[in-house]
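Please read the following note with the chains in view, and follow each point on the structure as you go.

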Amino acid sequence: MEEYQKLSLIDPQRVANLPTPDKLFLFLSCTGSIEYPGTERAVRIVGEKLGIEFIESVDQTCCTGYMLTCNAVNPQLALASTSRNLSIPQEMGLDVGVFCNGCYGYLRELAHLLHSNPAFKEVGDKANQALGREKFHGHTKIYHVQELWFRQLEKLTSLVKRPLTGLKIAAHYGCHYLANKDVAIDDAQYPTFHEEIYKALGATPVVYKERRACCGYSVGRGFTHREETVLPHITNKMLSAATAGVQLMTTTCPGCNTALDREQKTITARGNAVSIPVIDLSQLIAFALGAPVEQLGFKANTTPVLPVLERFIK
Amino acid sequence: MLNEGVLVIGGGVAGMQAAIDIAASGREVVLVDKERSLGGHVKEYGSLFPELTEGTLVVKQKAQIIKDNPKISVMLGSEVDRLTYADSNIKANFVSNGTINDQIFSAVVIATGFDNFEGKKYGEYGYDRYPGVITGIDFEHQEEAILKKPIKTAVFIKCVGSRDRSKGMPYCSKICCMYTAKQAAELKKAQPNAQVYVFYMDIRSNFKNGEEFVRSAMENQHIKYIRGRVGKVIPTNGRLLIRAEDTLMGVPLELEADLVVLATAMVPRESTKSLATQLGIKLDSNGFISPIPMTESENPMILTKGVFYAGACGFPCDVKDAINQGSAAAAGVLGYLQFNRRAAN
Amino acid sequence: MKREQASDWSIEFENAIATSGLADDIRRCISCGKCTGVCPVAAISPSYNPRQIIREVLLGNYERIVQSEEIWRCFWCANCAATCPSEIKYPLLMLYIRYFSMSHGAGKKHVDPFIRFVTKARQEAVTFQPGKPARLDEIRELRSSLGLAPLRIVSDKGIKEYQKLFEITGTDEWLKNYQETPEVPIDLSYLEGKILVPDDSNSGSEREV
């Protein structure tokens with residue numbers, strides 16, 4: 001087992017530059033809503049504890065990133081729907097909190113393209129105009145909630161009701177969060193801020209060999225290249241976690257969570273027994289902060305979660 | 001009034017050579033260095049490519065000449081924090097041991113040198129984080145210990161901080177190909193059973209006997225050169241797992257090593273930048289001193305009236321080149337003081 | 001395999017990419033191989049090699065790229081982009097290459113599985129909402145127990161606006177074209193760094209990879 005090595009490259013200045021908002025627009029994730037609704041609930045619970053009120057809108061649609069990256073729609077649709085979706089919080093005067101790496105990555109990348117390429121901006125502006133919406137100006141800030149949790153780590157620490165003493169937790173950060181190297185608060189090649197959060201919750205962070213490896217589900221390869229590439233890849237990743245003695249893994253993306261949690265059944269069926277519950281980082285925090293376990297939606301998980309958390313419930 | 005003394009800022013090999021050559025003409029030279037001893041980076045190098053001369057011997061020899069020449073006064077532990085023009089002279093503000101004083105000089109040689117690129121800026125290589133990952137400079141510092149400790153496999157990674165726009169380092173640092181070949185060969189000589197790999201993008205050995213030196217590492221010491229920039233170092237099973245592509249074969253590969261040496265680049269210094277800007281001297285986009293065009297200068301090292309430079313504050317260079325530049329700057333200073341400055345007055 | 005003919009190369013592809021505004025800086029590539037070294041797909045299928053794909057584009061072997069099976073393997077994990085010393089946004093390049101390939105009628109088998117999501121998303125403005133009633137009931141029950149709306153529902157206004165986007169961005173038209181374009185079978189594959197080109201003596205048969 002590789003020890004978790006301190007010497008973090010977390011940039012304190014960038015962390016300090018993150019806001020501590022009292023109100024944020026919550027950008028809903030399709031995968032999250034369907035596969036792991038407990039994540040959305042957990043985000044609200046943690047937000048409430050930190051004094052962040054999340055406002056949502058029934059007008060917000062899918063971010064369209066998945067369909068774009070599967071090449072299943074015209075790229076202009078993704079640009080237009082990003083422009084439209086972001087005009088909603090813009091109208092409310094709110095910045096955006098996202099809890100799915102996919103939505104986060106696509107919103108940021110597409111917002112960047114809208115902003116940097118006049119031809120792309122015109123696609124977005126025309127769309128909003130046709131819908132009678134205000135143009136998206138590009139000033140709305142997009143945060144992943146994990147960053148906001150880390151910003152208030154001290155407060156979170158003080159709110160811990162169930163210290164996770166002795167629990168060996170490992171991180172899966174997710175590629176589409178780390179790919180935003182210009183905004184990450186940490187070294188995208190060796191991030192450690194999730195491990196810092198585990199420690200704050202009383203748990204023991206574990207570093208495993210394939211920690212930085214992708215979940216394998218991106219851009220739908222789980223449908224088209226499952227046997228050939230995705231399964232061998234996830235098998236490698238999960239076996240390396242098992243070897244390191246990981247008892248629980250967290251993600252910050254419902255898409256990653258789906259791949260890493262659900263595919264364990266197949267991996268096991270093919271002779272590599274592995275059982276590591278995979279939950280969202282927000283679910284873990286909400287749990288440590290004392291949220292009723294029924295509120296966290298662990299029922300949705302394929303690999304059972306309660307066996308490793310049970311002992312902390314009094 | 002014309003002051004005749006010359007200030008040399010930086011006591012590395014370039015500055016030492018400039019001081020020696022200027023003082024040989026009988027002029028007074030003040031040689032200042034922020035460290036406690038002369039010799040700059042070179043005094044820390046175990047040996048220099050390609051002849052394998054000890055770095056300390058080069059420094060010792062020059063320090064002796066300086067010591068023997070009463071015309072050179074050495075100010076150690078001192079820094080020049082401000083340079084200003086005073087008529088046709090230059091006024092320097094010194095900070096030494098917390099006290100500040102100033103002195104007037106007729107000419108200045110900037111030989112402020114370079115810094116070593118910080119290995120930890122590559123999170124993927126785990127410098128400062130995984131035991132067994134060191135930089136080329138660490139190798140020079142700890143050479144004896146490194147050569148003694150038994151190693152099964154060692155990996156040298158070149159271009160750490162060179163030719164990398166994403167790190168704001170688009171230029172080639174020039175010397176790393178050579179010092180890597182030297183270190184790899186030294187390791188292999190000390191431990192013939194060790195497997196030594198060098199990951200490279202291009203081999204740039206444009207020094208006298210440089211190509212022969214690198215070829216000898218491959219042919220005589222059996223160092224395996226693999227063309228590809230290492231993607232990742234991962235600690236595993238108590239060793240270091242290397243992931244890279246062998247780009248000549250077009251195959252991704254993995255290997256486990258006990259020692260990883262990062263060939264870190266030479267980077268410009270903040271102090272060079274602040275001195276240069278005070279005198280209106282331009283820096284290039286990488287932060288090195290920008291020389292004036294060849295067609296407009298009477299000496300290759302002149303920057304502006306009475307101000308010269310030498311060594312790696314201009315661009316990465318090897319030890320010999322730094323010494324040559326020190327001499328060139330001295331020639332420029334002497335010519336300037338003998339003719340140009342008098343003509344200007 | 002015959003000797004490569006430089007006269008077969010075309011600048012068309014490189015120019016098309018440059019004007020797409022998606023990956024205009026691939027000329028910066030120094031072919032260092034860092035991308036391939038960290039690529040999870042290359043680790044499993046070494047015939048997929050991001051560095052070589054960039055090389056292909058720059059040399060102008062667009063016929064081969066367009067028909068390549070390899071371009072469909074990428075996970076889009078962006079490890080390559082995160083590590084690239086030349087700041088090349090390879091995933092965006094890959095996105096573009098795939099569109100380019102599709103415009104030549106290739107790659108249908110890799111896109112078809114997702115068209116059903118698009119059709120559904122066009123109706124609901126949410127992706128992945130399952131169709132099976134039993135699964136929907138399961139989700140309703142769980143979400144309700146968490147105090148969330150039984151299903152993630154976008155307002156009628158939102159759905160109408162989303163559908164309008166399909167219309168005005170030409171996506172409806174694009175989808176129609178896509179479905180009407182006949183598939184060109186893919187039969188090229190890279191092998192251990194070499195690209196297999198069909199030779200006449202062996203056309204149509206499955207190749208060993």
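Two residues are said to be in contact if their C-beta atoms, placed from the backbone, lie within 7 Å. This is a predicted model, in which local features need pLDDT of at least 70 and side-chain atom pairs count only at pLDDT 80 or more, while totals for chains, interfaces and linings use all residues. Residues are numbered from 1 along each chain as its sequence is written, and chains are lettered from A and ligands numbered from 1 in the order in which they are written.

1. **Chain B against chain A.** The contact between these chains takes nine residues from chain B and eight residues from chain A. For the residue classes, Ala, Val, Leu, Ile, Met, Phe, Trp, Tyr, Cys and Pro count as nonpolar, Asp, Glu, Lys and Arg as charged, and the others, Gly among them, as polar. On that basis, the side of chain B that touches chain A is made of three nonpolar, three polar and three charged residues.

2. **Chain A against chain C.** Here 62 residues of chain A are in contact with 55 residues of chain C. Several helices of chain A each supply at least two residues of the side that touches chain C, among them helix H3 (37-49), helix H7 (118-130) and helix H13 (226-243); helices (H or I, at least four residues) and strands (E, at least two) are DSSP runs, numbered from the N terminus. By class, the side of chain A that touches chain C divides into 30 nonpolar, 22 polar and 10 charged residues.

3. **The domains of chain A.** Chain A is divided into domain 1 (13-144) and domain 2 (155-312), with bounds that come from an automatic or database domain assignment. The C-alpha centres of these two domains of chain A lie 24 Å apart, and 28 residues of domain 1 are in contact with 29 residues of domain 2. Which helices of chain A each supply at least two residues of the side of domain 1 that touches domain 2? They are helix H1 (12-17), H2, H3 and H6, and the largest share of that side, nine residues, comes from H3(A). The residues of that side of domain 1 divide into 13 nonpolar, 10 polar and five charged.

4. **Two packed helices in chain A.** Two packed helices are described by the angle between their axes and the distance between the axes. Helix H5 (residues 75-92) and helix H6 (residues 101-116) of chain A pack at an angle of about 100 degrees, with their axes 10 Å apart; axes are lines fitted to C-alpha atoms, for helices over the stretch in contact, and angles run from 0 to 180 degrees between N-to-C directions. H5(A) and H6(A) are therefore roughly perpendicular to each other, a description used for angles of 65 to 115 degrees. Residues that make this contact include Leu79(A) and Leu86(A) of H5(A), and Leu107(A) and Leu114(A) of H6(A). The residues of the contact of H5(A) with H6(A) divide into eight nonpolar, two polar and no charged.

5. **An enclosed helix in chain A.** Is helix H15 of chain A largely enclosed or open? Eight of the eight residues of H15 (residues 281-288) are buried, so this helix is largely enclosed by the rest of the structure. A residue is buried if 20 or more other C-beta atoms lie within 10 Å of its own, exposed if 12 or fewer, and partly exposed in between, with C-beta atoms placed from the backbone. The buried residues of H15(A) include Leu281(A), Gln283(A) and Phe287(A), and H15(A) is followed by Gly290(A), whose phi is positive, near 100 degrees.

6. An open sheet of three strands in chain B has the order E6-E7-E8, with antiparallel pairing, where two strands pair if DSSP finds at least two bridges between them. Strand E6 (78-86) and strand E8 (99-105) of chain B are the edge strands, each pairing on one side only. Seven bridges join strand E7 (residues 89-96) to E8(B), and Ala92(B) stands opposite Gln103(B) in E8(B). The domain assignment of chain B gives domain 1 (6-114 + 268-344) and domain 2 (117-265), whose C-alpha centres lie 32 Å apart.

7. **Chain C.** Chain C has 11 helices and two strands, and buried residues make up 46% of its 209 residues. Its domain assignment gives domain 1 (6-106 + 184-202) and domain 2 (109-180), and the C-alpha centres of these domains of chain C lie 31 Å apart.

Key
Parallel < 35°, antiparallel > 145°, perpendicular 65-115°, else oblique.
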